[in-house]
Amino acid sequence: GLSPKQAARRARRARRPGGLPPPYPNGWYRLLDSAQLPRGAVRSLALLGEQLAAFRTQDGQAYVVDAYCPHLGANLAAGGRVMGNCIECPFHGWRFQGEDGKCTSIPYAEKVPDFARVRTWPSCEVNGMLLVWYHCEGLAPTWAVPEQREITTREWVFRGQTEHLVDAHIQEIPENAADMAHLVSVHGPAIFSGTDLRYTRSKLWDFMKHVWKAEWQPEQEPNEHCSQMLVQHSATIFGKRVSLMDLMVSARQVGPGLVFLIFEHAFLGRGIILQTVTPLEPLLQNVVHKIYYQKNVPAIIPKFILRAECIQFERDVTIWNNKQYLPKPLLVREDSSIQKHRRWYAQFYSEKSIRLPVQKEGLDW
């Protein structure tokens, strides 16, 4: 009798989140697509416990700064203008350089104080996205976001995207890559049986199964911030393998919030899904999947792959939205890669990482 929104709110209030790791790991995160920030535009962004302003100068350079003006606290992204390589505060006209945040002009003052500046955030534009570097101690980036050559050269073209909000800690999402056992129970039933876990094992679609063979491993120096999951996908109909459905997937996790999923099919070609996970709040993740595929392959092929991936992902979302994070889970020998993944992922936390207070009654922060 409840609407989806009411049911979600009730579930969040009743849920016990468990002993959570810090909510904001150190690393690169997607802010928005480059196309969403045209020349002269200013965008307001709330994520990672911060309020940010992103703007693009007329020469095409994008910058990210703290949203609030240090003068009297006006939001630079709420009415602020791009002037040259600066963003101008809508309140009193103070101008701040995007490069270093230094104030260059105060309309009514004879002199600009040397200490007048707004905080700037390291950012980059790669693979058609604007990303920001977050580190709880303010340290500079320790690794760069890799460029996917086929996207830059337009050998692969954009064929669509999906976007989800997930009510879970960010670590829960990549941890699935190391959880081999869930591939059978959650992702084994045919995609045609839908996303509702109550019905995915319906006898109507029982004649078809997805078969997965997967292996997860962290990478070595100098790419210790990366990990690899190699997946072989096949499908059976009435117990017989259908070679048309054979697919090789190489999923490379880069830092805490970026995944490059490269697909290879015997005659349908190659493509990639870029998965970005950005923490909006401690237990609220914005997850975007963007697919790029060979331009000589009909668009319906990558769109079908994206749709199939979306169905499988939404099955996981049901689990994530309702589960509790267990810092000391009860694991068996076959679950060893989960513990291995947690040790690898711990590198993105620091001693000074923000931690959530212990919640006793619900999830109202």
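Contact is taken here to mean heavy atoms within 4.5 Å. The model is predicted, so that local features need pLDDT of at least 70 and side-chain atom pairs count only at pLDDT 80 or more, while totals for chains, interfaces and linings use all residues. Residues are numbered from 1 along each chain as its sequence is written, and side-chain values use heavy atoms, with hydrogens and water left out.

An automatic or database domain assignment supplies the domain bounds, and the protein is divided into domain 1 (27-134) and domain 2 (149-348). Twelve residues of domain 1 are in contact with 17 residues of domain 2. Buried area is the accessible area (1.4 Å probe) that two parts lose on being put together, summed over both.

| Item, domain 1 and domain 2 | Value |
|---|---|
| Distance between C-alpha centres | 35 Å |
| Buried area | about 1,100 Å² |

Carbon and sulfur atoms give 60% of that buried area, and in domain 1 the residues that lose the most area to domain 2 are Tyr29, Arg30 and Asn127, together 52% of what that side buries.

Across the interface the rule for a salt bridge (a side-chain nitrogen of Lys or Arg within 4 Å of a carboxyl oxygen of Asp or Glu) finds one. The side chains of lysine 290 and aspartate 33 meet in a salt bridge, at 3.1 Å from N to O.

Strands (E, at least two residues) are DSSP runs, numbered from the N terminus. Strand E1 (27-33), strand E2 (42-47) and strand E11 (129-134) each give two or more residues to the side of domain 1 that touches domain 2, and E1 gives the most, with five residues.

Notes. Helices (H or I, at least four residues) and strands (E, at least two) are DSSP runs, numbered from the N terminus.
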